Amino acid sequence: TNNVHIYNNTLVGGKKGVNNMFANTSTTIQNNIIEFMSEDGVRNSGGTITERYNYFFNNPENIDGGGAIGTGSLTGSNPNFYAEVSGTASNGGSTTLLIDTAKTWTANQFQGMGVYITNTSGQTCSAGNGVWAGITSNSASRVFLSPSLSGSIDSKCDYLITNFYTQDGSGALGSGAVLYNGAGLTAGSTQ
């Protein structure tokens, strides 16, 4: 049996958050935020899964087949990722480009982060409402994205750029286990 440990990750905006596909695999999924998947937060197509102390949000099914979430896991409210910057896009963007001519950012300061796109109040964003993309690079007023969105980003789109850490008071901070190098810690202890 192969042992796979998936600890302390933020999985946002894919098809399946974690998919255990191998019959001889024992997978432990612990202390992750899994949200905005188009199918399942966790799917077991083979092997065994131990799932605990995870935070699920806005997945059609958190556990494939509608199974119960594990010990200490939570679901419900938005985890409230901290916004590094937010605003309304300018016209001229594309399915992989967000432009905000009101900004003067440092080159590549958002590389590796994520962007969340929503409708501007009273408008319909053609890129989608409530969609995520990764940031591959940025210039002073342009953010380059992957994968491509369903439509172009324009002035009808609001955005939030995040590095995927949560704000104080986030529901995602409620019940997770504290891990250090795969070992559990008691609150207040050090390693």
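Which residue in β8 does I34 stand opposite? In this predicted model, I34 stands opposite F56. Local features need pLDDT of at least 70, side-chain atom pairs count only at pLDDT 80 or more, and totals for chains, interfaces and linings use all residues. Residues are numbered from 1 along each chain as its sequence is written, and side-chain values use heavy atoms, with hydrogens and water left out.

The chain has 18 strands and 0 helices. Both kinds of element are DSSP runs, numbered from the N terminus: helices are H or I runs of at least four residues, and strands are E runs of at least two. The chain holds 191 residues, and 36% of them count as buried. Buried means under 20% relative accessible area, exposed means over 50%, and partly exposed lies in between, with a 1.4 Å probe and protein chains only. Contact means heavy atoms within 4.5 Å. Among contacts between residues at least 6 apart in sequence, 54% join residues at least 24 apart.

The pair I34 and F56 belongs to strands β5 (residues 33-35) and β8 (residues 55-57), which pair in the parallel sense over 3 bridges. Two strands count as paired if DSSP finds at least two bridges between them. An open sheet of 4 strands runs in the order β2-β5-β8-β10, with parallel pairing. β2 and β10 (74-75) stand at its edges with a single partner strand each, so one side of each has no neighbour in the sheet.

N31 lies in the loop between β4 and β5. Its phi is near 65 degrees, a positive value in a residue other than glycine. N31 is partly exposed because its relative accessibility is 22%. N58 is found in the loop between β8 and β9 (61-63). N58 is not a glycine either, and its phi is positive at about 60 degrees. With a relative accessibility of 46%, N58 also counts as partly exposed. Most residues other than glycine have a negative phi, and most peptide bonds are trans.

T28 sits in strand β4 (residues 25-30). T28 is buried because its relative accessible area is 10%. Beyond its neighbours within four places in sequence, T28 is in contact with V4, H5, I6, Y7, T50 and R52.

V115 has I161 of β16 as its bridge partner. T118 and C157 are 39 residues apart along the chain, yet their C-alpha atoms are separated by 5.7 Å. C157 is also one of the residues in contact with T118, along with C125, G128, N129, G130, K156 and D158, when neighbours within four places in sequence are left aside.

The largest nonpolar core has 19 residues, of which V115, I117, I153 and I161 touch the most other members. β13, β14 (131-138), β15 (142-146) and β16 (157-166) each supply at least two residues of this core. The largest share, 3 residues, comes from β16. A second, separate core of 8 residues includes V18, I29, I34 and M37. A nonpolar core is a set of buried Ala, Val, Leu, Ile, Met, Phe, Trp, Tyr and Cys residues joined through side-chain atoms within 4.5 Å.

The second largest pocket holds about 200 Å³ of space. Its lining consists of T10, V12, G13, V131, W132, A133, G134, P147, S148, L149 and F164. β2 (10-12) and β14 are the elements that give two or more residues to this lining. β14 gives the most, with 4 residues. A pocket is an open set of points on a 1 Å grid over the protein atoms alone, where a 1.4 Å probe fits, with protein on both sides within 12 Å along at least five of seven lines; lining residues have an atom within 4 Å of a point. Grid points are joined across faces, edges and corners, and the volume is the space filled by probe spheres set on them. P147, one of the lining residues, is found in the loop between β15 and β16. A cis peptide bond joins S146 and P147, with omega about 0 degrees.
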